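Below is a short report on one protein model, chain by chain where that helps.

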Amino acid sequence: MYTLRYSFLLLILIVRSKTFSQNTVPQHLNVKEKIGWIPFDKSLDNSNFKVCDELNIEEYYQVNPIYGEGMPSIRKYFSAHKQLLQSLCEKDGYLIVRFVINCQGQTDRYRTKFMSLNYSDENTVNAELQKKIIQLTRNMGNWNPGKFDGKTYDCYQHLKFIFKNSQLVDVLF
Amino acid sequence: MITCKVQAQNTQTLEITDKLLDSLSIYPQLSQLTIQSDLYYQLFLEKYPNTHEAYMSRSVPYNKTGEHAIGFAMLNRAVELAPIENLGYRAFVKLYMMHDYEGALQDGLRLDSITSYAKPGVWGEDMDMVIGLCYLQLNDLKNARLRLSNSINEVTKKNGKEWNSPRVFLYLGITLMKEKAYPEAIQVLDELIQMNPNYSEAYYYKAQCYSALKDLKNAEVSIEKCKSVYGKYGAERNPYFELPYQIYPSFLSKGL
């Protein structure tokens, strides 16, 4: 009897710990509000943009969406706009754009942040550059949506642009 | 007395009390992305303000979701409180997630100095490998070679050659390639292939070395082998970030 009871408890513990300890699979949190949540804002966002499951927008590292073949395709796209971006750079630092890729690979709900190279929040700096990055990211076209176990998911993705000496030196995720 | 009820949409109410905070130890059994988890750490830090584990744990979802200004503010506090425990993780985040090679190197070297050369791991990776990779990315090839070689020698001496990460051989091979020491680079990459014949990156960079030596026949053999291995096994990937010197299909179709 005790063996059965303890086996059952052990099973519950294993299932529970696997649910949240495995961070690189969809977590099905069934909640909109989480760290990094981007609420719909009708003044910024496309009202025709639909997600498949508003309560379960996963993170990129859980479902691995991909643009082209990945970072080489993303770098190639932005390299064509490098001069323009550099001309808009008022201060060096990291410009981060975060957005949603829906289960069909369409994107929207872009938000940007800017921080200095020593990681302090300077979000009011480089306003024009932030607008341009959103415009260019919007114009990238569709991504291959995030997938796990054959199912497509909505997910959050972000890209980071590093500016040093007013030069765009790297793009990463 | 801390008492707080939080309820996110479609989730059960979680009452955060002193009793709950104490009973959960320092790690809540919640997804790190949830508001409840974040609130838990916030309340925990109000009660126990010098708990470096809570600052570090609270930083993780922020850094994973691109909220780095918040994430680093917390992680920096964790480092202030307990540098030995947190410098390695901060170095790891700076290196792989921010491409801040100078920052990662400073953290790595500081950790190395304050641990009396005991070489604790850097978030699961060998310290000398991480420091060597920072030097490589900063194009300080001499120091990169010294650290990466040291990593291989020490791990091999302590635990055996098979306990080295394949990537330390890859980074050493690339360092030697950048130093134009092509035969030595090929030798290191061959060691990697001997240990792991399905490691497609090794064949790719070996082909680059042969190409630099104008040995086009061997370059072609290596790139064909790379294509074959890549087709079957792909290349190493990390879901959180692009690995240094990661290879892609388009690399294999380009001429050498």
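Arg98(A) is buried, with a relative accessible area of 6%. Its side chain meets that of Glu59(A) in a salt bridge, 3.0 Å from N to O. Arg98(A) sits in strand E2 of chain A and Glu59(A) in strand E1 (residues 58-59) of chain A, so the pair ties together parts that are 39 residues apart in sequence. Glu59(A) counts as buried too, because its relative accessibility is 0% and the cut-off for buried is under 20%. The model is predicted, and every value here is computed from it.

**Other salt bridges**

The count over all chains comes to 22 salt bridges. Three of them are set out here, including the pair already described.

| Pair | N to O distance |
|---|---|
| Arg98(A) and Glu59(A) | 3.0 Å |
| Arg75(A) and Asp170(A) | 3.5 Å |
| Lys94(B) and Asp107(B) | 3.2 Å |

Take the second row. Arg75(A) forms a salt bridge with Asp170(A). This pair links distant parts of the chain: Arg75(A) lies in helix H3 (residues 71-79) of chain A, Asp170(A) in strand E7 (residues 167-172) of chain A, and they are 95 residues apart. Arg75(A) is partly exposed, at 26% relative accessibility. Asp170(A) is buried, at 17%.

Now the third row. Lys94(B) and Asp107(B) meet through their side chains. Lys94(B) belongs to helix H5 of chain B and Asp107(B) to helix H6 of chain B, 13 residues apart. Both Lys94(B) and Asp107(B) are buried.

**Chain B overall**

Chain B holds 13 helices and 2 strands. It has 256 residues, of which 54% count as buried. Among its contacts with a separation of 6 or more, 48% come from residues 24 or more positions apart. The chain exposes about 11700 Å², and carbon and sulfur atoms supply 51% of that area.

**Helix H4 of chain B**

Helix H4 of chain B covers residues 68-81. At 1.5 Å a residue, its 14 residues should span 20 Å; the end C-alpha atoms are 19 Å apart, which agrees. Which residues of H4(B) are buried? They are His68(B), Gly71(B), Phe72(B), Met74(B), Leu75(B), Ala78(B) and Val79(B). Seen down the axis of H4(B), these buried residues fall within an arc of 165°, so they line one face of the helix. An α-helix has 3.6 residues a turn, so residues three or four places apart point the same way.

What does that buried set pack against? On chain A, the partners are strand E2 (93-101), strand E3 (107-115) and strand E6 (155-164). On chain B, they are helix H3 (52-64), helix H5 (83-98) and helix H6 (101-114).

Glu67(B) counts as buried, at 17% relative accessibility. Leaving aside its neighbours within four places in sequence, Glu67(B) is in contact with Lys113(A) and Tyr62(B).

**Nonpolar cores**

In soluble globular proteins, nonpolar side chains tend to be buried together. The largest nonpolar core here has 118 residues. Ile74(A), Phe78(A), Leu159(A), Phe161(A) and Tyr205(B) touch the most other members. H5(B) gives the most to this core, with 9 residues.

Leu159(A) shows the packing in detail. Beyond neighbours within four places in sequence, its contacts include Ile74(A), Phe78(A), Leu95(A), Val97(A), Met140(A), Trp143(A) and Phe173(A). A second, separate core has 6 residues, among them Ile38(A), Val51(A), Ile57(A) and Tyr156(A).

**Single residues to check**

Most residues other than glycine have a negative phi. Asn139(B) has a positive phi of about 65° although it is not a glycine. Asn139(B) is placed in the loop between helix H7 (127-137) and helix H8 (141-159) of chain B. Asn139(B) is exposed, with a relative accessible area of 51%.

Tyr245(B) also has a positive phi, of about 60°. Its place is the loop between H12 and helix H13 (249-253) of chain B. Is Tyr245(B) buried or exposed? Tyr245(B) counts as buried, at 18% relative accessibility.

How values were computed:
Residues are numbered from 1 along each chain as its sequence is written. Chains are lettered from A and ligands numbered from 1 in the order in which they are written. This is a predicted model: local features need pLDDT of at least 70, side-chain atom pairs count only at pLDDT 80 or more; totals for chains, interfaces and linings use all residues. Side-chain values use heavy atoms; hydrogens and water are left out. Helices (H or I, at least four residues) and strands (E, at least two) are DSSP runs, numbered from the N terminus. The expected span of a helix is 1.5 Å times one less than its number of residues. Buried means under 20% relative accessible area, exposed over 50%, partly exposed in between (1.4 Å probe, protein chains only). The arc is that of the directions from the helix axis to the C-beta atoms. Contact means heavy atoms within 4.5 Å. A salt bridge is a side-chain nitrogen of Lys or Arg within 4 Å of a carboxyl oxygen of Asp or Glu. Accessible areas come from the Shrake-Rupley method with a 1.4 Å probe; for residues, only the protein chains shown count as cover. A nonpolar core is a set of buried Ala, Val, Leu, Ile, Met, Phe, Trp, Tyr and Cys residues joined through side-chain atoms within 4.5 Å.
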